[in-house]
Amino acid sequence: GVNAEQPISSMLSAYVAYYKRNPYRAAFGTCLVKGAVADGVAQLQVEGRDSVDVRRTALFALWSAAYCGSAQHHIFNHMFGRAFGNGTGVFTALRKACADAFVATPLLGIPIYYACKPLIEHGVWQPLAGLHEYAQIFRDFYFKPAMVWVPAHLLTFSVVPAPLRIGWTATVSLGW
């Protein structure tokens, strides 16, 4: 019989090989798909819409691809390596997880999202309105994502190989 794990292993190997050759493209594409799926699910399941607003989904997917994909690839696999070393020990992983949860995400990633949010949701470019909305929720919001991301990123930076980090975080993000 056919081994059920073989196709998955082959796809994962192909993804890793492609990621190693084209890391920014792979990260961008991974999170483009994740963003489209996440927004489609949000619209249909969470918001209870009858159909998907394709423009909104496309814009959210592009934000996801640019930040969650390409920017986070650079942050996770280059900047954090320079700042904290490339080791995968628990202390190094914890430092990277905390740097993302308490600095990069709340002070860079989420503000970029909120600056884009009026365009994504309403088709108007009003980044200051989005940032004002974020400022209103910042105190209540600041620690909430860390409850998910610190434990997830302990795995990201200790056991997940660099070419799979964006795919891993995209999967966690989709669930979150």
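Let's start with Lys117: leaving out residues up to four places away in sequence, Lys117 touches His122 and Glu133, where touching, or contact, means heavy atoms within 4.5 Å. Lys117 sits in helix H4, residues 90-122; helices here are DSSP runs of H or I with at least four residues, numbered from the N terminus. At 13% relative accessibility, Lys117 counts as buried (under 20% relative accessible area is buried, over 50% exposed, in between partly exposed, with a 1.4 Å probe and protein chains only).

Quick note on the model: it's predicted, so local features need pLDDT of at least 70 and side-chain atom pairs 80 or more, while totals for chains, interfaces and linings use all residues. Residues are numbered from 1 along each chain as its sequence is written, and side-chain values use heavy atoms, with hydrogens and water left out.

Okay, cysteines. How many disulfides are there? The count is 0, with a disulfide being a pair of cysteine sulfur atoms within 2.5 Å. Cys116 is in no disulfide either, as its nearest cysteine sulfur, in Cys68, is 11 Å off. Cys68 is also buried, at 10% relative accessibility.

Last stop, two helices. The axes of H1 (residues 5-21) and H2 (residues 23-46) come within 5 Å and cross at roughly 125 degrees. Those axes are lines fitted to C-alpha atoms over the stretch in contact, with angles from 0 to 180 degrees between N-to-C directions. Residues making this contact include Tyr15 and Tyr18 of H1, and Pro23 and Thr30 of H2.
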